[in-house]
Amino acid sequence: MSSLCRSLKITYPILQSGMGRVAGPDLVGAVARAGGLGILAGLNLTPDDLRGQIRRVRELTTGTFGVNLWLHPDLHPPIDPSSVPVADVEAATAALNRARLAIGLRESVAPPLQRPDTIDDAFNVILDERVPVWSIGLGLPAADMLSRCHDRGVQVMVMVANVDDARTAADLGVDFIVAQGVEAGGHRSTWRAKAAADVGTLALVPEVVDAVRVPVIAAGGIADGRGLVAALALGAAGVLMGTRFVATRESMAPEFWKQRILAAASDQTIVTTAFTGLRARVLRSQFAQDYAASGAPVLPGLLQAALEQDIWAAASKENRPDYFPLYAGQSVGVIRDLPGAGDVVGAIVAEAKSTLTQLADIL
Ligand SMILES: Cc1cc2nc3c(=O)[nH]c(=O)nc-3n(C[C@H](O)[C@H](O)[C@H](O)COP(=O)(O)O)c2cc1C
């Protein structure tokens, strides 16, 4: 058993990412029961909902699990919509109205709503419930948050996309670092303007492993046992996967999203800000293409997402994947089935073992 597995009290060094609208208690419970680490997506939940989901996970499993929050400076506190130039809001609204008409919605001139600042409340729930792992994307914890976690036995994991941020996180005293290569689905885990976020997993993981002393978990482009072995060979202590777990039975993603992942090849993803205002890897879509062609500005922080909520809801209801943020990474090219999440963990372990046996014959 690896030291990562010992410190997280899990059987296999396989982590399922906390993913908004995808990772609820059923997915987390299934991964934890299979011996991996499941992570709940906490960002968009009210404190009561988050507490409810944590308790539900505990009904489903006695295994270790985590809760993920974003700590991007634009969210904590959230950007004030009135700080955005009116002309930008109008241009973004005009571009979005074309998407609305395309899916049968009425045009709208509603301004983006101010996001509530839920981070402190969610953090207090994590402490209160003594969640085993706090997973952080797109930001760093304040020193007092870190010490309050450690006082309560909560281990802290920070995801980075470049080696400078890995060093900063390690110096702060976090327990684990996730090195997120550019292949990864979902948002790029950066928070400083102009921070590097284009390094691939194969180069980033060993660079981060050499730079810090805490265990490093590889993320981005990994979806099977071959990927697990490769990540371990690079010095990672384990892997964190998102896209692979979107395409599972317990994932809350709409069926059309799962089917698009199964059908896609690795060259069918792009990185865009058009869905939320922050860079994210998604499957190519009409919406992202039209928005880029419109030349309209993208509103910062999650204000762009706030403007688009009605479009996403209608797209989900009407089965229009082209107008929905289909977050997915380049590993789509090797994902071809829709199993239970526990079976994913089992299959990856089995394939990794047989890959290792084959490798032993080569050298
Ligand atoms: C659908 C989806 C949603 C995601 N949501 C989050 C999130 O809420 N918080 C977070 O830290 N990372 C999120 N991520 C990124 C993952 O943490 C991870 O970096 C990524 O999935 C790894 O690459 P892979 O998709 O190739 O496995 C998300 C990824 C996907 C695919």
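Me: Happy to start with the rings: which residues do ring pairs link into a cluster?

Reply: Keep in mind that this is a predicted model. Two rings pair here if their centres lie within 6.5 Å, and by this rule the count comes to seven aromatic pairs. Ring pairs join four residues into a cluster: Phe256, Trp257, Phe324 and Tyr327.

Me: Thanks! On to the ligand: which residues come nearest to the ligand?

Reply: Good place to look next. There are 24 residues around the ligand, and they divide into eleven nonpolar, 13 polar and no charged. Strand E3 (65-70), strand E9 (238-241) and helix H10 (243-246) each supply at least two residues of that shell. Those that come nearest are Ser17, Asn68, Gly221, Gly242 and Thr243.

Me: What distance separates a polar side-chain atom of Asn68 from a nitrogen atom of the ligand?

Reply: Let's take the polar contacts in turn, with N or O atoms within 3.5 Å as the cut-off. Gly18 places a backbone N or O atom 3.2 Å from an oxygen atom of the ligand, and a backbone N or O atom of Gly242 is 2.8 Å from a ligand oxygen atom. For Asn68, a polar side-chain atom faces a nitrogen atom of the ligand, and the distance is 2.7 Å.

Me: And how much of the ligand's accessible area does the protein cover?

Reply: Start from the ligand on its own, which has 580 Å² of accessible area. Of that area, the protein covers 97%.

Me: Last one, on the backbone: what is the phi of Arg21?

Reply: Most residues other than glycine have a negative phi. Arg21 is in the loop between strand E1 (14-16) and helix H2 (25-33). Although Arg21 is not a glycine, its phi is positive, at about 65 degrees.

Methods. Residues numbered from 1 in each chain as written. Predicted model: local features only at pLDDT ≥ 70, side-chain atom pairs only at ≥ 80, totals over all residues. Heavy atoms only, no water. Near = heavy atom within 4 Å. Polar contact = N/O pair within 3.5 Å; in protein donor to acceptor, adjacent residues only side chain to side chain. Areas by Shrake-Rupley, 256 points an atom, 1.4 Å probe, with all protein chains shown as cover. Helix = DSSP H or I, 4+ residues; strand = E, 2+ residues; numbered from the N terminus. Nonpolar A, V, L, I, M, F, W, Y, C, P; charged D, E, K, R; others polar. Phe/Tyr/Trp six-rings, centres within 6.5 Å; stacked < 30°, edge-to-face > 60°.
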